[in-house]
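Have a look at the structure first, then try each task before you read its solution.

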Amino acid sequence: MAELSKNEKKALLNKWKNGQKKKYNLSRAEVENLFCYLETQIENFSCDGTLRYTEQWLKENVPCNKIEDITTELKEMGGFCDCEVILNCYETYCYENKDSLKDEIQIYYERYIAEFHNISEDTKDIKRKNIDKTPAENLAYLVGVTTLLLKLENSKENFLETKFPLDQINWTQIPELHQWSSDTYSHLSLKKLKDLLDNNVEKIYTMIDTMSEEELFSPCYLDKKTNCSIKVAENGMYELIRDNIVAPLGILKTQIVKWKKSTS
């Protein structure tokens, strides 16, 4: 990929700054309530590929004349079904600064890790029908991606390693990342996996604290860090953190809840 010109970098940065000033149709409190509702519904009934539960919540909680504008807004953010609303829209609504990003990681992480309190070590490798991962594999993925994120940030001037800390894999190759994480970490005990994940999450909080708002959120920061060697999401390091920690915490929590409910 050719290096971006100064004008291209400036245009990306201005686009990001303008996005921070946009006013949305839902308040922060409404967004929190909507997402809690969607998480519960999807855990219990799964997503059917539509905005069924989103529209249900909107009809019960916002004025009728706002519903069309809100659904249009959600679709513009990539929310064309209930699970996509969770995965694609929360970041745009709620990440106003570093503290809000850390708060969201903490909320999702505490909900996720609580599901492992009553899972015993002797069941960590048991497969369940129609469940993608064992408990150990579930934890292993998050240990893997958080380790890679920290390695990415710590690479500093080593641009080849910063591009991606693994040979032959990049951030978009989710199945390969799952396999690498499982191969590398799932043999460990649940206690060890939880300890590693706890430690990584704390380091990520520290990493966020050491960055300025512009460093964390603007595209130019990550562009410089990767030496323009790859096409990077416009929200830079923030987007990598969100897509590889917050979103998986929600998805993997749903999987482990289903694993616990299943008996076969």
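**Exercise 1.** Work out how Lys-191 and Asp-195 pair up, and where they sit.

*Solution.* Keep in mind that this is a predicted model. Start with the distance: the closest N and O atoms of Lys-191 and Asp-195 are 3.0 Å apart. The cut-off is 4 Å, so this pair counts as a salt bridge. Next, find the place: the two residues are four apart in helix H10 (residues 190–210), which puts about one helical turn between them. Last, check the surface: Lys-191 has a relative accessible area of 55% and is exposed, while Asp-195, at 37%, is partly exposed.

**Exercise 2.** Which parts of the chain does the pair Glu-115 and Lys-260 tie together?

*Solution.* First, the contact: their side chains form a salt bridge, with N to O at 2.8 Å. Now place each partner: Glu-115 is in the loop between helix H6 (98–114) and helix H7 (135–154), and Lys-260 is in helix H13 (residues 236–261), so the bridge links parts 145 residues apart in sequence. Then accessibility: Glu-115 is buried at 17%, because the limit for buried is under 20%. Lys-260, at 29%, is partly exposed.

**Exercise 3.** Is Glu-137 buried or exposed, and what does Lys-127 do with it?

*Solution.* Glu-137 has 18% relative accessibility, so it counts as buried. Lys-127 forms a salt bridge with Glu-137, at 3.2 Å between the closest N and O atoms. Lys-127 lies in the loop between H6 and H7 and Glu-137 in helix H7, so parts ten residues apart in sequence are tied together. Lys-127 itself is partly exposed, at 49%.

Note on methods
Residues numbered from 1 in each chain as written. Predicted model: local features only at pLDDT ≥ 70, side-chain atom pairs only at ≥ 80, totals over all residues. Heavy atoms only, no water. Buried < 20%, exposed > 50% of the residue type's maximum accessible area, 1.4 Å probe, protein only.
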